[in-house]
Amino acid sequence: MADFNNATKCIRNLEKEIHLLQSEIANTRNGEGLEEDNAELKALMQENTKLKHRLEILQSAISKEGGSTECTSSPNESIIGELQRIFSEAISRAFSGISVPAVVTISTSPKFGDYQCNSAMQIVQQLKQQSVKMSPRDVAQKLVDELRTPIACVEKFEIAGAGYVNIFLSRSYGEQRIMNILKNGIQAPPMEKKRVVVDFSSPNVAKEMHVGHLRSTIIGDSICRFLEFVGHDVLRINHIGDWGTQFGMLIAHLQDRFPNFQTVSPPISDLQAFYKESKVRFDSDEVFKKRAYECVVKLQSGEASYLKAWNLICDVSRKEFQTIYNRLDVKLIERGESFYQSRMQKVVEELKQAGFLEEDEGRLIMWGEDRLGIPLTVVKSDGGFTYDTSDMAAIKQRLQEEKADWLIYVTDAGQATHFQIIFSCAKRAKILDESKHRVDHVGFGVVLGEDGKKFKTRSGDTVKLADLLDEGLKRAMDKLLQKERNLVLTQEELTAAQESVAYGCIKYADLSHNRNNEYVFSFDKMLEDKGNTAVYLLYAYTRIRSIARNCGGDFANNIEKVIESTEVKLEHEKEWKLAKVLLRFTDVVLVITKNLSLHYLCEFVYEVCTTFSEFYDNCYCIEKNKQGDVVKVYASRILLCEATSRVLGKCFDILGLKPVHKI
């Protein structure tokens, strides 16, 4: 540590001297203190040459002492973020008084470097406003001149076209970053830890989960996995519909069909059929309807037998929901409408006292901050509460009782206006404070059938989620048998592969599309083993994982030992290309943090796999003789394979995909 501190002090002193020397050179170049006398001019020119020489020596010394502190190497560094910071500082130094953001993007072609800074044109426009005339190329050159101090992550800069600064990453930096991944694991970029409540899935009791719940469940779970990875404290809430008028008709029907329900558990496993029977009676029998309403009143007043009936119905639904969640490996905490009943009464009273509620044809309504759009119906004309009421109670409970910093609601895009009003009313009531809290409605488009219409069965019914998953399992097994995987896999391995492919393809097909758009549900496309599909990605991952095993020895049994004794060297262009893609993981994470759109991660995963395929086709990892024996192992490349598999593994975990040992 003492050596490290001494080295650090030495570097800092050297850098200070460099800045002083640069200032002296600049003064000499500007001609300050020069006179017409040729002798003095010659002396100054000689001094200038000496200063330049000393500057080169000092820069070389800093490089040998351990590089520059301008761009540090860590396993979770944002390369774009670092480059933006460096160029922002360069813009400030080169053009004082100019306020232009450093625009750094990934280059579209290798000949333009790895990244580009495209700020020169904006700087030129601002300089024009100050009556300063400079070409974009001159501006770019001035920026590059400000970046002469060695930058650890950059090999070189080049100026191209109309002032673009092409940035070429340093291979040694890339090698160090890949070793960091291997030694320290896949780490999220540092960010402030928040308490996040994610509201997703939200089926209704006594109704089977259907395809309409698919997107909310899959997207919501993946967002939770992502937020947990980056270090937030996440509360996964299933806001189920377990309260309301429909329970009056269900309880009344239960009393008639199974009068002994309090002592004998009623056989209502087919709750959907039970619900339909009760609904038919409710719609056609006025006496039954009246009794159903009476049951609602008694339930809400807390009568024991009615609570018992309600709990029985909820338990049947709960078990059915959990079966689906287990199959999809989704974890949730149930927090239904019933949870907020007492809180609804309290929030209504508080809104009344604060003067936020207005009477409107017998209802009590509440407008948002700007009184535009549609008001909330907080209390119905019959005195009952609405979804608006429960959502206001829920947002208050989550912010004040759960101490949430960030609320996320994952529902279809059609509810966007509803949540805008809820958020606006919560801000008006001082429940939600945007300076302290972040709220997001994560909307998504509907699922379409292959005919381009809303996804339904051939008979026109809504597709049950359980049936959809069953069909996925059948199709996945058909695909595996078609590939004759049953001849090489054990029954246990075959079943694991079947579930990995079936559930993985359903999840990935959803997440790989921009969630704001509709998408066509097609098993045939999902199960293709080419292109951006779960099948292709899972197969690629399994193949990558098998490479080290095929090497035998420590590569197969103790890869950590190999990591400790081997350094990654990125000498081949395809090795370097793969490494650069892997290093973009952090930037992808930061983008998703802002927009909560997982298709960016899917695009990244697909690019990793296709780039790996290029690398593997061009770079030997293992050499074997004619007998199939391993005669040479390229250890550095095996470690690059290992780093790739670790990045992919983390991405799969976030996306909810479960890769298997064999496929």
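**View 1. Ile-268 is a buried residue, with a relative accessible area of 4%.** Buried means under 20% relative accessible area, with a 1.4 Å probe and protein chains only. This is a predicted model, in which local features need pLDDT of at least 70, side-chain atom pairs count only at pLDDT 80 or more, and totals for chains, interfaces and linings use all residues. Residues are numbered from 1 along each chain as its sequence is written, and side-chain values use heavy atoms, with hydrogens and water left out. Ile-268 belongs to the loop between helix H8 (246-257) and H9; helices (H or I, at least four residues) and strands (E, at least two) are DSSP runs, numbered from the N terminus. Beyond its neighbours within four places in sequence, Ile-268 contacts Leu-254, Phe-258, Phe-274, Ile-313 and Val-316, where contact means heavy atoms within 4.5 Å.

**View 2. Phe-455 and Phe-521 form a stacked ring pair.** Their ring centres are 5.1 Å apart and the planes meet at 20 degrees, so the pair counts as stacked. Rings of Phe, Tyr and Trp (its six-membered ring) pair if their centres lie within 6.5 Å, and planes under 30 degrees apart are stacked, over 60 edge-to-face and the rest tilted. Phe-455 lies in the loop between strand S13 (447-448) and helix H15 (465-482), and Phe-521 in the loop between strand S14 (519-520) and helix H17 (523-526), 66 residues apart. Phe-455 is buried at 16% relative accessible area, and Phe-521 is buried at 3%. The structure has 16 aromatic pairs. Ring pairs also join Phe-229, Phe-585 and Phe-604 in a cluster.

**View 3. Charged side chains lie over the rings of Phe-282 and Phe-339.** Lys-289 is placed over the face of Phe-282, 5.3 Å from the ring centre. The charged end of Arg-335 is 4.5 Å from the ring centre of Phe-339. The rule requires NZ of Lys or CZ of Arg within 6 Å of the ring centre and within 35 degrees of the ring normal.

**View 4. The second largest cavity holds about 50 Å³ of space.** A cavity is a set of points on a 1 Å grid over the protein atoms alone where a 1.4 Å probe fits but cannot get out; a pocket is an open set with protein on both sides within 12 Å along at least five of seven lines, and lining residues have an atom within 4 Å of a point. The structure holds 3 cavities of 30 Å³ or more. The lining of the second largest cavity includes Arg-215, Asp-510, His-513 and Ser-597. Helix H7 (214-229) and helix H16 (491-511) each give two or more residues to this lining. By class, the lining has 3 nonpolar, 3 polar and 3 charged residues.

**View 5. The largest pocket has a volume of about 1,100 Å³.** Of its 40 lining residues, Ser-202, Asn-204, His-210, Gly-212 and His-213 are the closest to the centre. At least two lining residues come from each of H7, helix H9 (271-284), helix H13 (387-401) and H14.

**View 6. His-437 is buried, with a relative accessible area of 16%.** His-437 sits in the loop between helix H14 (416-428) and strand S12 (438-442). Leaving out residues up to four places away in sequence, His-437 touches Leu-399, Ala-404, Asp-405, Ile-431 and Leu-432.

Note on methods
Buried means under 20% relative accessible area, exposed over 50%, partly exposed in between (1.4 Å probe, protein chains only). Grid points are joined across faces, edges and corners, and a volume is the space filled by probe spheres set on the points. Ala, Val, Leu, Ile, Met, Phe, Trp, Tyr, Cys and Pro count as nonpolar, Asp, Glu, Lys and Arg as charged, and the others, Gly among them, as polar.
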